[in-house]
Amino acid sequence: MSIFFVISCIIQAGSGFLVDRIGARPILFTGVGLLALAALIYSQSNSYLMFALGAVVAGCGNGIFHPVDYTLINHKVSPPNLPYAYSMHGVTGYLGWAAAPAFMVGIAQLSDWRIAFISAAVLEVLILLILWLNRSYLIDNVKERHENSHADARATNSGVAPEGTFAFLKLKAVWLCWIFFFFSMASTSSLQSFSPSALFKIYALPVNVGNYFLTLLALGSAVGVLVGGYLAAKFYTPERIVSSFLSITIIVCLLLGTGFIPLEIIPVVFCTLGFGYGVVAPSRDLLVKQATPKGVAGRVYGIVYSGIDLGAAVGPFIFGFFMDDGLPKALFFGVALFQLMIIPTVFKVSSSAKRTV
């Protein structure tokens, strides 16, 4: 998994440049094809080295999605409807995360794990076929995006708009968004990795029950994303929505860390935690959109969303030390601290984006 996330982080940062250069569609087809290939490699693995190779190929396939997805969404969807598009994009992602274990484990129980991976490869091929049959809907006008980028550069005298391939890296808002995604995913992945064990040590809840709470976390997130899309479209104040609901998740994590929450309401607590995370997502994506200069969406999204993969790799690594040292409460307190660190970046991104506009 570490190999997967590190490779995905690197590819995600680089694939955005390709999206801006040749368009989103060929990169999308390549990524889905690589995921099908990775599943086949996994299915035929007979050594750790082959599993590692599968992780490298899977990371390459996974790394293309955010630059591709958000470039297409921003190009195809009108600005008033963007929050709803981000919301549906997030909901299908959460549903996919929830369905994948049931799909793989169910097939593995009926046959074996190799057949499960082959089935995953077949599913990826079917997805690629569907995308190919609907390829006319997946075209983004690269020439138009380049013209927009040059027009922005000519219209500004302050040097804010990017003039070269890498000039966007000078934008403060880009790195603030990266920090946002890094700490957000570090906290989420840490909860997914260790909260069942932490609940067992703090509240004496069986680990299998803790895993059930992770399902509630995902379901709460899915509902929250739907509500978050409506709020983002209705009020169009993403920084206030993000900071308000992050404050709720911070309070919930702190309460979990005290060890004083009655066992009966812990399921409600995890639903609330997931709901807060979900509501934040569309407004978060809208903030990135506001901070992105015209014509360079692919490379900005590639760099910014690479923070997700790096956070997913680093967060569990850090909190693993606390769990090994018998400090399960540090998980919830640390996650709360990570989320608290996000809030100032939200307002800075918002103010930077407004100055750019």
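Is alanine 204 buried or exposed? At 60% relative accessibility, alanine 204 counts as exposed. Keep in mind that this is a predicted model.

You'll find alanine 204 in the loop between α8 and α9. What stands out is its backbone: alanine 204 has a positive phi of about 60°, although it is not a glycine. Most residues other than glycine have a negative phi.

## Helix α10 and what follows

Some of the names in that list lead us to α10. This helix has 21 residues and reaches 31 Å from its first C-alpha to its last, close to the 30 Å expected at 1.5 Å a residue. After α10 comes glycine 259, whose phi is positive, near 80°.

## Two salt bridges

How many salt bridges does the structure hold? There are two. In one, aspartate 20 pairs with arginine 299, and the closest N and O atoms are 2.7 Å apart. Aspartate 20 lies in helix α1 (residues 2-22) and arginine 299 in helix α12, so the pair ties together parts that are 279 residues apart in sequence. Both partners are tucked away: aspartate 20 is buried, with a relative accessible area of 0%, and arginine 299 is buried too, at 10%.

The other salt bridge joins the side chains of arginine 284 and aspartate 285, at 3.2 Å from N to O. Aspartate 285 counts as buried at 2% relative accessibility. Why does arginine 284 count as buried? Its relative accessibility is 18%, and buried means under 20%. Arginine 284 belongs to helix α11, and it touches Tyr70, Phe180, Phe181 and Val242, not counting residues up to four places away in sequence.

A nonpolar surface patch of about 960 Å² is made by Leu40, Phe103, Ile115, Ile118, Val122, Leu123, Leu126, Ile127, Leu129, Trp132 and Leu133. Which helix gives the most to the nonpolar patch? That is α6 (residues 113-133), with nine residues. Take leucine 133 as an example: it is in helix α6, and it is exposed, with a relative accessible area of 62%.

## Phenylalanine 322, in between

Our last stop is phenylalanine 322, in helix α12. At 33% relative accessibility, phenylalanine 322 counts as partly exposed, because that category falls between the 20% limit for buried and the 50% limit for exposed. Leaving out residues up to four places away in sequence, phenylalanine 322 touches Leu327 and Ala330. Phenylalanine 322 and glycine 334 are 12 residues apart in sequence, and their C-alphas are 9.8 Å apart in space.

Terms used: Residues numbered from 1 in each chain as written. Predicted model: local features only at pLDDT ≥ 70, side-chain atom pairs only at ≥ 80, totals over all residues. Heavy atoms only, no water. Patch = residues over 30% accessible without salt bridge, like charges linked within 9 Å, V, L, I, M, F, W, Y side chains within 5 Å. Areas by Shrake-Rupley, 256 points an atom, 1.4 Å probe, with all protein chains shown as cover. Salt bridge = Lys/Arg side-chain N within 4 Å of Asp/Glu carboxyl O. Helix = DSSP H or I, 4+ residues; strand = E, 2+ residues; numbered from the N terminus. Buried < 20%, exposed > 50% of the residue type's maximum accessible area, 1.4 Å probe, protein only. Expected span 1.5 Å × (residues − 1). Contact = heavy atoms within 4.5 Å.
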